[in-house]
Amino acid sequence: MKNKALVVIDIQNDITKNYREIVENLNKAIDWAIEQEMYVVYICQNNITPSAKNFLPGTKGAEIVPELHVASDHIFIKTKTNALTSEAFCAFIEENRITEFVITGADATACVKSTCYNMTKAGYAVTVLSDCVTSYDKKKIPVMLEYYKSKNCIVVTLDQMVATSLQ
């Protein structure tokens with residue numbers, strides 16, 4: 001495996017229904033990552049606050065959506081917005097010497113945002129696939145894409161990423 005990972009964030013039953021608009025692209029991205037011999041990683045939110053109503057551990061809402069192609073057993077649980085708060089995920093990164101991440105998933109204004117920010121802050125190379133992220137409020141996605149760029153993330157479409165890898 002290369003030192004690169006495709007990360008799929010919070011595509012779970014309790015996430016916004018807008019994921020349906022990107023799930024086909026997510027599955028294409030997963031297939032592409034496998035062809036590129038990249039790690040494919042799934043990050044899942046578990047909400048452990050007492051007043052929580054969604055992403056509750058052990059519920060159907062916390063499960064990965066059935067339409068998503070699960071191509072590895074690299075599934076990590078987080079309880080905060082930033083994927084790097086998962087100790088198991090951080091250990092996986094270190095153990096496999098991963099330095100580059102391709103980010104997809106939801107929510108663009110919360111968990112994707114926090115993960116991208118913290119990954120670039122930690123010195124990792126981060127690419128966001130713009131047509132593989134969604135949000136509860138899709139009108140905010142263009143602003144988020146600009147935010148990612150301002151935090152030194154590369155923002156490209158899946159087709160652009162695939163074309164670049166073919167060169």
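Val7 has Val41 as its bridge partner in strand 2, in a model that is predicted rather than experimental, where local features need pLDDT of at least 70, side-chain atom pairs count only at pLDDT 80 or more, and totals for chains, interfaces and linings use all residues. Residues are numbered from 1 along each chain as its sequence is written, and side-chain values use heavy atoms, with hydrogens and water left out. Strand 1 (residues 4-9) and strand 2 run parallel and are joined by five bridges; strands are DSSP runs of E with at least two residues, helices are runs of H or I with at least four, and both are numbered from the N terminus. Between these two strands the chain passes through helix 1 (residues 23-35), and the resulting β-α-β crossover is right-handed, a term that applies if the path from the first strand over the helix to the second runs clockwise with the strands pointing away from the viewer.

On its other pairing, strand 2 is joined to strand 3 by four bridges, again in parallel, and Ile43 has Phe76 as its bridge partner in strand 3. Strand 2 (residues 39-45) is largely enclosed by the rest of the structure, because seven of its seven residues are buried (buried means under 20% relative accessible area, exposed over 50%, and partly exposed in between, with a 1.4 Å probe and protein chains only). In a regular strand, side chains alternate between the two faces of the sheet. Here, Tyr39, Val41, Ile43 and Gln45 are buried on one side of strand 2, and Val40, Tyr42 and Cys44 are buried on the other.

The whole sheet is open and has six strands in the order 3-2-1-4-5-6, with parallel pairing; two strands pair if DSSP finds at least two bridges between them. Strand 3 and strand 6 (154-156) stand at the edges with a single partner strand each, so one side of each has no neighbour in the sheet. From one strand to the next, the twist averages 25 degrees, with axes fitted as lines to C-alpha atoms (for helices over the stretch in contact) and angles taken from 0 to 180 degrees between N-to-C directions. Further along the order, five bridges join strand 4 (residues 100-105) to strand 5 (residues 125-133) in parallel, and Phe101 is partnered with Val126 in strand 5.

Together with Val70 and Ile75, Ile77 makes a nonpolar surface patch of about 230 Å².

The structure holds five salt bridges, each a side-chain nitrogen of Lys or Arg within 4 Å of a carboxyl oxygen of Asp or Glu. One of them joins the side chains of Glu21 and Lys138 at 2.7 Å, N to O. This pair links distant parts of the chain, 117 residues apart: Glu21 sits in the loop between strand 1 and helix 1, and Lys138 in the loop between strand 5 and helix 4 (141-150). Glu21 is exposed at 52%, whereas Lys138 is partly exposed at 37% relative accessibility. Another salt bridge joins Lys28 and Glu24 at 3.4 Å, N to O; the two are four residues apart in helix 1, and therefore separated by about one helical turn. In helix 4, Glu146 and Lys149 are three residues apart, about one turn of the helix, and their side chains meet at 3.3 Å, N to O.

Terms used. Patch = residues over 30% accessible without salt bridge, like charges linked within 9 Å, V, L, I, M, F, W, Y side chains within 5 Å. Areas by Shrake-Rupley, 256 points an atom, 1.4 Å probe, with all protein chains shown as cover.
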